[in-house]
Amino acid sequence: METKIQSIQAKDYSLGKDGISFIFITDTHLPRNSMHSPYLIRRIMENTNVRFVINGGDTLDNENTKKAAIDQFYQWRNLMYGIREYNVIGNHDLNTISQTVEEAKLTRDEFYSVMFREHEENVVFDGNDHYILDYPSQKIRFIIVSTSFSATNSQGTWLKNKMTELSNDWSIIVVTHYFWRDQSTLHSGGEQLITAINEVYDSLNATFICIIAGHAHQDISMTESTKGYLIISTTSDARTSESGNPRTIGTINEHAFDIVYINKNTRTIDMIRIGSGIDRNFNY
């Protein structure tokens, strides 16, 4: 951990005023998680300039009752107390996967109340499951979309408006959950997101940096074939055994999340891995 913190500190010093850093963690799948990541995150943030976390979704796994699901969210929030964490709704987070009891499912309003409400002052919501997170000093906009995304629904229209309204000194990162099925196959949500972005891409004044996603439980990266922008996925933070990515509880491979550095001057993305996997570097 000390070696990782030294690497993060070195990136801090070289980032400059136009760059930004954050932690990206996804697919914690409580309770299939030994819950050590919040302690690692806290230690990193106490010793570096990293100031916020983006959670890519599937904080929850599957629970038998609504109360059990909400209790899991609060357990995570308690561990992350005092840490600024912005959440994406994953396909598990409304407790609907394999759920036959209607009363056990969460509504989007309920998810908002538990996981979004504490950040109302920092973000701009449109509806209760998608929002923008702006950093005016660095002129970087994060656009957070939900699993209900379609290029033709109101969220798709909203995304395109939020991308095209920016001036040429801004940059854009889109964060989603439901993108890849696996290394070679996109979910329909991923296809819809690419369609929406490509419809306005050529008319953007702002620089489009990348899409960051979860869900696939794999580290994946690709360049979009038509417009050439980056799409990056980070593996699950919690699986006791993952195909091609074995996890052993009680070792440094137990968890997996990234410290992400966006450098607008060098047009680079550096991702320092904590836990299972390797560091990754990209140009955009």
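**View 1. Pro 31 lies in the loop between β1 (20–25) and α2 (37–47).** Helices (H or I, at least four residues) and strands (E, at least two) are DSSP runs, numbered from the N terminus. Look at the link between Leu 30 and Pro 31: this peptide bond is cis, with omega at about 5°. What you see is a predicted model, with residues numbered from 1 along each chain as its sequence is written.

**View 2. Six strands form an open sheet in the order β3-β2-β1-β13-β14-β15.** Strands of a sheet pair through backbone hydrogen bonds, either parallel or antiparallel. Two strands are called paired if DSSP finds at least two bridges between them, and in this sheet the pairing is mixed. The edge strands, β3 (85–87) and β15 (280–283), each pair on one side only. From one strand to the next, the twist averages 25° (axes are lines fitted to C-alpha atoms, for helices over the stretch in contact, and angles run from 0 to 180 degrees between N-to-C directions). Eight bridges join β13 (residues 256–263) and β14 in the antiparallel sense.

**View 3. The largest pocket holds about 220 Å³ of space.** On a 1 Å grid over the protein atoms alone, a pocket is an open set of points with protein on both sides within 12 Å along at least five of seven lines, a cavity is a set where a 1.4 Å probe fits but cannot get out, and lining residues have an atom within 4 Å of a point. Which strand gives the most to the lining of this pocket? Strand β14 (residues 268–275) does, with three residues. Among the lining residues are Met 1, His 36, Glu 254, Arg 273 and Gly 275. By type, the lining divides into four nonpolar, four polar and three charged residues.

**View 4. Seven strands make an open sheet in the order β4-β5-β6-β7-β10-β12-β11.** The pairing is mixed. Since β4 (124–125) and β11 (220–223) stand at the edges with a single partner strand each, one side of each is left without a neighbour in the sheet. Two bridges pair β4 with β5 (residues 131–135) in the antiparallel sense, and Phe 125 has Tyr 131 in β5 as its bridge partner. Helix α5 (residues 154–164) packs on the sheet, touching β5, β6 (140–144), β7 (171–175) and β10 (207–213) (contact means heavy atoms within 4.5 Å). The direction of α5 makes about 175° with that of β6.

**View 5. Lys 66 and Glu 110 meet in a salt bridge.** Side chains of opposite charge can pair when their charged atoms come close. A salt bridge is a side-chain nitrogen of Lys or Arg within 4 Å of a carboxyl oxygen of Asp or Glu, and for Lys 66 and Glu 110 the N to O distance is 3.0 Å. Lys 66 lies in helix α3 (residues 66–79) and Glu 110 in helix α4 (residues 108–116), so the pair ties together parts that are 44 residues apart in sequence. How many salt bridges does the structure hold? The count is 20.

Conventions. Predicted model: local features only at pLDDT ≥ 70, side-chain atom pairs only at ≥ 80, totals over all residues. Heavy atoms only, no water. Points joined across faces, edges and corners; volume = space filled by probe spheres on them. Nonpolar A, V, L, I, M, F, W, Y, C, P; charged D, E, K, R; others polar.
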